[in-house]
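Please look at the structure below before reading the points.

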Amino acid sequence: MSLDLDRRGLLGAGLVGAASIGLGTGASAASPAPLAPGRSMADFTGAMKAFRGVVGAEWVFGDEDAVAPYEKAYIPDPAHRYKPVGAVCPQSLEEVQAIVRIANQYRQPLWTVSTGKNMGYGMTSPATPGQVVLDLKRMNRILEVDAELGTCLLEPGVTYQQLKDYLDDNKIPLWIDVPTVGPIASPVGNTLDRGVGYTPYGEHFMFQCGMEVVLPSGEVMRTGMGSIKGSTAWQAFKWGYGPYLDGLFTQSNFGIVTKMGMWLMPRPPVYKPFMVRHGDMADVPRIIEAMRPLRVSNLVANCNLMMSASYQLAMFKRRNEIVPDGAPLDDDSVKKAAKANGLGMWNTYFALYGTDQTIAGVEPIIRASLTASGGEVLTAAEMGDNPWFHHHQTLMQGGLNLDEIGLLRWRGSGGGLAWFAPVAAARGVEAQRQTALAREIVSRHGFDYTAAYAIGWRDLHHIIALLFDKADAAEHQRADDCYKELVVRFGAQGWASYRTGVNSMDLVAQQYGEVNRRFNATLKHAIDPNGILAPGKSGIF
Amino acid sequence: MTRSMLIMLAAALPLPATPALAQQGGAPAVALPVRQALGKVLPQRSPEQVYAKVCGYCHGRNVGPIILGRGLPAEAVRYIVRHGQNAMPAFRPTEITPAELDALSQWVSQSPARKEEHGQ
């Protein structure tokens with residue numbers, strides 16, 4: 001354990017005495033960016049020079065202007081802590097291997113990103129200082145698509161947009177399943193962070209199948225059936241033989257995934273989206289209670305989004321269109337604005353997929369249950385071109401949009417967003433308690449409860465968008481304080497995050513317990529003795 | 001153009017366009033869309049494609065301000081793409097290549113307004 005704590009202390013907290021550079025990372029001569037602890041300027045410049053020898057000078061970034069695109073982040077960071085010192089951008093497996101060997105030689109930490117667009121989780125920001133971003137966006141080959149099996153094999157830099165365009169261009173009747181910022185996000189990156197989408201294939205890691213991984217030693221390992229010479233089942237059979245390894249490379253820093261297999265849903269003959277409108281904030285438990293049996297039985301097969309009116313309004317409206325600047329966002333004002341836009345206080349979106357006959361069979365059962373919960377069950381016939389209905393209608397068939405970036409303009413223009421995503425079992429009473437706790441905390445810090453529940457097969461992801469004006473220094477600091485209080489107080493109730501941003505990875509890792517941390521650290525030290533891969537990712541050092 | 005001038009221009013983005021500026025230049029000829037082949041990296045895209053696949057999801061759709069038909073200086077467009085402006089994310093050279101950005105910034109600067117776009 002002492003080794004674990006030493007590495008955490010060195011990399012995470014104690015920067016006193018660390019070497020620094022005056023270029024890059026938003027640093028100035030007065031406030032230079034720190035190098036990774038224990039590394040000298042000679043180590044850093046040696047590594048950067050060697051990286052240039054691998055990928056060419058045009059794909060290594062170290063000066064202030066060139067690093068700037070890697071610094072943009074929405075998360076709270078009042079201490080300017082989550083800044084990289086450079087970036088290197090390979091285009092092949094062999095280049096990744098060479099970079100990893102150089103990183104070992106100079107003990108230069110690498111923070112790997114696929115497309116770097118996870119929005120409110122930190123984008124390309126590393127969790128600890130002194131890291132060079134290993135930017136895999138140039139590795140964007142679609143390697144295989146099997147239209148019969150409904151599988152594909154992708155490199156990490158492929159975006160959902162590229163995959164969809166490829167399927168459309170080649171008239172392959174398979175769907176993709178997108179997170180809310182699909183056009184610029186990566187299927188590989190999102191799956192490795194265990195993100196979710198909104199078709200029946202929405203639990204992304206469940207539909208992952210086979211990986212190619214560069215280990216911290218520079219060796220290449222294939223998981224599942226991928227290491228069997230001549231196997232045709234790498235993208236068809238998830239488990240391979242022996243311990244299941246793929247999970248080790250999600251939300252972790254044990255390897256660099258350079259190829260990933262994924263299952264794609266056949267386009268159904270009929271797709272029918274629904275919205276269920278409930279009128280009161282207090283309707284939370286009855287919605288969850290009505291939806292759970294439909295999800296557990298798989299009568300409703302897609303991951304539902306149960307959206308609060310305030311979250312929905314924040315996508316396309318400005319806060320001062322609802323209440324004056326400085327005034328609390330009260331329920332009466334929200335309800336009035338929601339009603340004017342065809343929304344309820346909670347708006348739950350689900351869809352049916354099948355044939356006319358199968359949908360006609362299950363729709364009355366679902367309608368009866370949701371109507372009994374006090375909801376109005378609505379379809380395209382009633383909602384027409386309502387922009388919110390259109391947004392979810394698009395998402396639930398794997399369609400692409402960036403509407404949720406509108407959230408960043410809800411409150412001022414500074415662009416501040418941090419996702420807080422605690423998990424609970426899908427029970428109404430838990431959601432009721434979570435909503436009450438979240439509202440108490442965010443309102444005390446002067447923020448709004450702009451939240452949604454993603455209703456999974458048996459779980460709830462409570463997705464709280466903490467929106468703040470990053471251009472306002474006092475508000476920025478309050479957002480940082482608020483986020484930490486959310487993590488700590490939810491954790492005390494047994495609700496920990498399923499995923500978190502670089503601003504809180506260590507805090508959340510602590511909640512999952514010392515035995516779990518020590519196990520992860522033991523693995524980490526065994527396979528990455530120089531600590532070169534993403535120190536601090538998910539609180540693992 | 002200095003960095004501070006670019007920032008001032010960026011800050012002025014939500015203001016109405018100047019029609020006289022918007023009419024300078026003229027949009028270049030429309031290029032055929034490039035398609036990505038299996039096993040190959042994404043080839044260089046035309047400005048129209050980059051706009052359709054990235055910028056246009058927000059700009060002109062109520063999420064970001066309208067940028068076409070406003071005669072925005074190409075240099076300001078390049079700066080904002082690389083740094084992100086307020087709610088806008090930054091786009092790295094690995095996402096929009098230097099060659100794509102050079103063409104895109106000229107194209108945005110010279111393109112006429114689109115009637116179907118709306119935004120604030």
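The contact between the two chains takes 48 residues from chain A and 33 residues from chain B, where contact means heavy atoms within 4.5 Å. The model is predicted, so local features need pLDDT of at least 70 and side-chain atom pairs count only at pLDDT 80 or more, while totals for chains, interfaces and linings use all residues. Residues are numbered from 1 along each chain as its sequence is written, chains are lettered from A and ligands numbered from 1 in the order in which they are written, and side-chain values use heavy atoms, with hydrogens and water left out.

**Interface of chains A and B**

- About 3300 Å² is buried between chain A and chain B, with carbon and sulfur atoms giving 55% of that area; buried area is the accessible area (1.4 Å probe) that two parts lose on being put together, summed over both.
- On the chain A side, A:P69, A:K72 and A:R409 lose the most area to chain B, together 18% of what that side buries.
- There are 15 residue pairs in polar contact across the interface, both residues at pLDDT 80 or more.
- A polar contact is a pair of N or O atoms within 3.5 Å; within protein, one must be able to donate a hydrogen and the other to accept it, and residues adjacent in sequence count only if both atoms are side-chain atoms.
- Strand β7 (142-146) and helix α5 (160-169) of chain A are the elements that give two or more residues to the side of chain A that touches chain B; helices (H or I, at least four residues) and strands (E, at least two) are DSSP runs, numbered from the N terminus.
- The largest share of that side, 5 residues, comes from α5(A).

**Salt bridges**

- The whole structure has 30 salt bridges over all chains, and 4 are counted between chain A and chain B; each is a side-chain nitrogen of Lys or Arg within 4 Å of a carboxyl oxygen of Asp or Glu.
- A:K117 pairs with B:E95, the closest N and O atoms being 3.0 Å apart.
- B:R35 and A:D169 form a salt bridge at 3.8 Å, N to O.
- B:R35 lies in the loop between α2 (19-22) and α3 (47-53) of chain B and A:D169 in helix α5 of chain A, so this pair joins two chains.

**Strand residue A:L143**

- A:L143 is in strand β7 of chain A.
- Beyond residues up to four places away in sequence, A:L143 touches A:L153, A:E155, A:K259, B:L38 and B:G39.
- The C-alpha atoms of A:L143 and A:L153 are separated by 5.4 Å, with the two residues 10 apart along the chain.
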